[in-house]
Amino acid sequence: MAGVTALAESVAGAGGVAPETPVRPGRRGAGAWRYAVLAVLGVYFLVPIAASVWFTVRERDGVSLETYAEIPGAEGFAESLTRSLALAGLTVVLALLLMVPTVVLVNLRLPRLRTTVELLTLMPLVLPPIALVVGVRSVLSWAPDYFLNTPLAEVFFALQEPALPWILVFVYVVLALPFVYRALDAGVRGADLRTLSEAARNLGASWPRVLVSVVLPVLRTSVLNASFITVALVLGEFTVANILGFETFPTWILRIGGSQPQLSVAVSVLSLLVTWVLLLMISALDRQRGAKESS
Amino acid sequence: MTAVSARSTGPDELRERPGVPIRLEQLTRRYGSVVALDRLDLDISGGEFLALLGPSGCGKTTALRAIAGFDRPDEGRVLLDGRDITGTPANKRDMGMVFQAYSLFPNLTVADNVAFGLRVRRRGRAERSGRARELLELVGLADRGDRYPHQLSGGQQQRVALARALAVAPQVLLLDEPLSALDARVRVQLREEIRRIQLELGITTVFVTHDQAEALSVADRVGVMREGRLEQVASPDELYERPATAFVAEFVGTMNRIPATMTGREVELLGTRRPVTGSAPEHGAVVALVRPEALLAHADPQGSGRVITRTFSGAVTRLAIALPDDIEVRVDVASAASADLTPGTAVTVAPAERPVLVAPAET
């Protein structure tokens, strides 16, 4: 009976006029609250930055940008920045090489391992970096002696090469895991990756081909997000580099802070700007691709 | 044979290729304690359009995925043109598949999507674009080649997916509920188009659906599945007119269940006796399974039935009629002769003069 009634109702409804979509009136004052919240947030973020900028440009006889002009020629600036950028690039590549296949595998082939992988990637957030770096330092001081006269000893020395300390790359990859995993996982869950990869497999694509031709383009935004978070993390990381005794951009800023406080703050402001520019470039790149696909 | 072969592809060659037969032998697939496929046997002839029909969880998609190579059966074999392909990976099976979800690659244009399989096979740019154009013409989207998937409607996306599946000149076309996400009008259009293309190309096609109208309207044969096994495989009209089991009878089309009594080889229902078709007990209570068009209703002030609703659908009007003992039946009458059968009218209902299918009373 219910089925018949429903059928009759659906037939009757077929020729009916759809009711007008109700328009929800905007709540009075919502706009003002929005601006108030934005203003408070703006003040919270902008006041320290403005104070820093003021500190760097203030001179006895007025305002000057001389401190900023000194930055490129400052002793150790170029080396430390280049080193940090190289570390950031290597960390991004290694983290993505490790995590993209992992996330795809977990989502497509091994969903039972999802909880385990999530827990593992959370470990760097649970364990303080100081604990991690103390452990790393112990291994670095013990291992070369233990493996003396073996190729492994050479490897441990190479890992600590001051010009490009690879050990930092490995530690940073661990520190970036929670962010990289979550950015990629959100992308995979948002796209119907299972169907897309099965479609590609059905058309003859091998798994590596599926990864390169289907998964990476679909996860483009997630990969960019993960890359940006990793770059920001590496460019701002201080604890590990300082305790292990390597000079990176943040440790260099601290070192010159004692003798040249204005220069140190100016570099900090500049690094903040560089990070913003990087973010804008990445999102512009993403928008450009998106716009091309929409046109 | 190597699935990713070096032959030329496209509609012309597809037309020249005879469809290949598929055989499923004792196919079994378990997910923990759930048996999705239970020793399934099925023969599909070359060039045939077979629909697998059944309720959710009956195993029809699992069977299709086993044919496609996305699901490895626990037991049994999949034979393609006599060759055992059970262990062959999905990318080596030479089959085209259209999925339920829109599965076009969002970063590629429509033409690039169609040409994807050819690019995997390392065909030249000219050949790829030529084939893509031919296939897009076949599905009526030749002018949409430079669009991106999100710029197309759902029906157009599924057409492109069909063109993409056919572009590699597959031996078999697999359709996994490709119409279920579309609205009713587009669904009807596209299913007719799929059938037209299948007939034109003569490709062996397996179509999974839970929509009986889709299955009955396009397939050469329909396999009705239940709990991992096939209940019946037959042509649409045979399935409708001569269902092998009560499940098939009730699943395919609308079926009235009317309490009845067996008397020898006849069944007594609604005050009349009719011969029985199929197996039936000799005596006792049974349920007669009668189609709406196999019941007759006419206005009768002394009649024990009462019309509850009438639903006009063109040439035929369907009546819902309440009978004594809380029995409700649906009866199809010619619309032209149903003017007096309005809700509330007293009617007499009787089975038409034809054999009746019966089922045990408890089912």
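The exercises below, each with a worked solution, concern a predicted model with chains A and B.

**Exercise 1.** Find the order of the strands in the six-stranded open sheet of chain B, and state which strands lie at its edges.

*Solution.* 
Step 1. Reading across the sheet of chain B, the order is S6-S7-S8-S3-S9-S10.
Step 2. The pairing in this sheet is mixed.
Step 3. An edge strand pairs on one side only, and this holds for strand S6 (95-98) and strand S10 (229-234) of chain B.
Step 4. From one strand to the next, the twist averages 20 degrees.

**Exercise 2.** Describe how strand S3 of chain B is joined to strand S8 of chain B.

*Solution.* 
Step 1. Strand S3 covers residues 49-53 of chain B, and strand S8 covers residues 204-209 of chain B.
Step 2. Five bridges join these two strands, which run parallel.
Step 3. For one residue pair, look at Ala51(B): Phe207(B) in S8(B) stands opposite.

**Exercise 3.** Work out why the buried residues of H6(B) line one face of the helix.

*Solution.* 
Step 1. List the buried residues of H6(B): Arg187(B), Leu190(B), Arg191(B), Ile194(B), Ile197(B), Gln198(B) and Leu201(B).
Step 2. Viewed down the axis of H6(B), these buried residues fall within an arc of 130 degrees, so they line one face.
Step 3. Recall the general rule: an α-helix has 3.6 residues a turn, so residues three or four places apart point the same way.
Step 4. Turn to the other side of H6(B), where Arg185(B), Glu192(B), Arg196(B) and Glu200(B) are exposed.

**Exercise 4.** Describe the side of chain A that touches chain B: which helix gives the largest share, and how do the residues divide by type?

*Solution.* 
Step 1. The contact takes 22 residues from chain A and 27 residues from chain B.
Step 2. On the chain A side, the elements giving two or more residues are helix H1 (2-14), helix H9 (193-202) and helix H10 (207-218) of chain A.
Step 3. H9(A) gives the largest share, six residues.
Step 4. By type, the residues on the chain A side are twelve nonpolar, five polar and five charged.

Conventions. Residues are numbered from 1 along each chain as its sequence is written. Chains are lettered from A and ligands numbered from 1 in the order in which they are written. This is a predicted model: local features need pLDDT of at least 70, side-chain atom pairs count only at pLDDT 80 or more; totals for chains, interfaces and linings use all residues. Two strands pair if DSSP finds at least two bridges between them. Helices (H or I, at least four residues) and strands (E, at least two) are DSSP runs, numbered from the N terminus. Axes are lines fitted to C-alpha atoms, for helices over the stretch in contact, and angles run from 0 to 180 degrees between N-to-C directions. A residue is buried if 20 or more other C-beta atoms lie within 10 Å of its own, exposed if 12 or fewer, and partly exposed in between; C-beta atoms are placed from the backbone. The arc is that of the directions from the helix axis to the C-beta atoms. Two residues are in contact if their C-beta atoms, placed from the backbone, lie within 7 Å. Ala, Val, Leu, Ile, Met, Phe, Trp, Tyr, Cys and Pro count as nonpolar, Asp, Glu, Lys and Arg as charged, and the others, Gly among them, as polar.
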